[in-house]
Amino acid sequence: MPSHVTIQQKSDPSPNSRSKVREPGTVIRKEARKILQIRHKMIKKKKLKKMRKRLRFVLRDKRFQKRLKKENILLAEIAAIEKSAADFDAEKTVDETLRLAKKAGYKVEIFGRKSI
């Protein structure tokens, strides 16, 4: 062994000391996954609240337009039903049905004499 090298005796660190000896140049990576997950959730929640705050009136207008569109469709359907009800003629329908029945060979007399 060369004479210029000094030998130092190694000893165990005391169990009460909290500091750990590390070699220079080594990097100790500390991870706190659960804390990072909680923080990420909080940030996402805050961004969502912020976005909703900014878009509150835009979203309200979209909901209103959607509701208005549904209402207009419903009113159009009701108007169509009312028009078909106004155009319906009961006498004409009965006459047409009787005419078709007689043409098919059925003997139909609604206002004929009653058989006693």
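A: Patches are made of residues with over 30% relative accessible area and no salt bridge; like charges are joined within 9 Å, and nonpolar side chains (Val, Leu, Ile, Met, Phe, Trp, Tyr) within 5 Å. A salt bridge here is a side-chain nitrogen of Lys or Arg within 4 Å of a carboxyl oxygen of Asp or Glu. Accessible areas come from the Shrake-Rupley method with a 1.4 Å probe, and for residues only the protein chains shown count as cover.

The model is predicted: local features need pLDDT of at least 70 and side-chain atom pairs count only at pLDDT 80 or more, while totals for chains, interfaces and linings use all residues. Residues are numbered from 1 along each chain as its sequence is written, and side-chain values use heavy atoms, with hydrogens and water left out.

The nonpolar surface patch consists of Leu48, Met51, Leu55, Val58 and Leu59, which together have about 370 Å² of accessible area. Met51 belongs to helix 1; helices (H or I, at least four residues) and strands (E, at least two) are DSSP runs, numbered from the N terminus. With a relative accessible area of 37%, Met51 is partly exposed, where buried means under 20% relative accessible area, exposed over 50%, and partly exposed in between (1.4 Å probe, protein chains only).

A positive surface patch is formed by Lys45, Lys46, Lys47, Lys49, Lys50, Lys53, Arg54 and Arg56. Lys and Arg count as positive and Asp and Glu as negative, without His and the chain ends; the place of a charge is taken as NZ of Lys, CZ of Arg, CG of Asp or CD of Glu. Lys45 lies in helix 1, which spans residues 33–87, and Lys45 is exposed at a relative accessible area of 59%.

Of its 116 residues, 1% count as buried. The protein exposes about 13300 Å², of which carbon and sulfur atoms supply 57%.

The structure holds 2 salt bridges. In one of them, Asp87 pairs with Lys83, the closest N and O atoms being 3.0 Å apart. These two residues are 4 apart in helix 1, so about one helical turn separates Asp87 from Lys83, and both are exposed. Arg99 and Glu96 also form a salt bridge, at 2.5 Å from N to O. Both lie in helix 2 (residues 90–104), 3 residues apart. Arg99 is partly exposed at 43% relative accessible area, and Glu96 is partly exposed at 38%.
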